[in-house]
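This report describes the structure shown below, moving from single residues to the packing of helices. Please keep the sequence and the model in view while reading.

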Amino acid sequence: MASLNVGSLGEYIREQRRNAQYSLRQLAEAAGVSNPYLSQIERGLRKPSAEILQQIAKALRISAETLYVQAGILEERHGEAPGLRVAILADPLINERQKQALLAVYEAFLKENRETSGPTADAAGAGG
């Protein structure tokens, strides 16, 4: 799984906030987070959860997936729908540890399928 890059994430959020012409206080209020907490995120001092990133994305009117990619939670994928990953990360009924475990299992399945998608894929799947 990709590592979290909070410094560039904070810079990206600050840039998006300025483009949207929000003050720090206005974005914090719109996202439902405290002003000091958002400031710490922007300065790269705090690692926000997927839920907080989703709230910030909604307030900025940008895709939550964009922030997940910036945070290193998701890898940028071209030509692949990110729906499942975004849905897992946005689900309020499971905690962060559970979300990361689900994503890790999903990534393992994808990797396994990529490795077996060669000429031996039929032989590998016929065992059972």
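Gln21 counts as exposed because its relative accessibility is 70%, where exposed means over 50% relative accessible area, buried under 20%, and partly exposed in between (1.4 Å probe, protein chains only). Gln21 lies in the loop between H1 and H2; helices here are DSSP runs of H or I with at least four residues, strands are runs of E with at least two, and both are numbered from the N terminus. Although Gln21 is not a glycine, its phi is positive, at about 60°. Most residues other than glycine have a negative phi.

A second case is Arg61, which has a positive phi of about 60° and is not a glycine either. Arg61 is found in the loop between H4 and H5, just after H4. With a relative accessibility of 75%, Arg61 therefore counts as exposed.

## Basis of the model

The model is predicted, and local features need pLDDT of at least 70, side-chain atom pairs count only at pLDDT 80 or more, while totals for chains, interfaces and linings use all residues. Residues are numbered from 1 along each chain as its sequence is written, and side-chain values use heavy atoms, with hydrogens and water left out.

## Overall composition

The protein has eight helices and zero strands, so that the elements run α-α-α-α-α-α-α-α from the N terminus on. Of its 128 residues, 30% are buried.

A contact means heavy atoms within 4.5 Å. Among contacts between residues at least 6 apart in sequence, 51% join residues at least 24 apart.

## The nonpolar core

In soluble globular proteins, nonpolar side chains tend to be buried together. A nonpolar core is a set of buried Ala, Val, Leu, Ile, Met, Phe, Trp, Tyr and Cys residues joined through side-chain atoms within 4.5 Å. The largest such core has 27 residues, and Ile13, Leu38, Leu53, Ile56, Leu67, Tyr68 and Leu89 touch the most other members. At least two residues of this core come from each of H1, H2 (24-31), H3 (35-42), H4 (50-60), H5 (64-71) and H6 (83-90). H4 gives the most, with seven residues.

Within H4, the buried residues include Leu53, Ile56 and Leu60. Leaving aside residues up to four places away in sequence, Ile13 touches these three and also Leu27, Leu38, Ile41, Glu42 and Leu67.

What does Gln16 contact beyond its neighbours within four places in sequence? The partners of Gln16 are Leu60 and Ile62. Gln16 is placed in H1 (residues 6-19), and it counts as buried because its relative accessibility is 17%.

## Packing of H2 against H3

Two packed helices are described by the angle between their axes and the distance between the axes. H2 and H3 pack at an angle of about 110°, with their axes 9 Å apart. Axes are lines fitted to C-alpha atoms, for helices over the stretch in contact, and angles run from 0 to 180 degrees between N-to-C directions. H2 and H3 are therefore roughly perpendicular to each other, a term that covers 65 to 115 degrees.

In this contact, Leu24, Arg25, Leu27 and Ala28 of H2 meet Asn35, Leu38, Ser39 and Glu42 of H3.

Conventions: Parallel < 35°, antiparallel > 145°, perpendicular 65-115°, else oblique.
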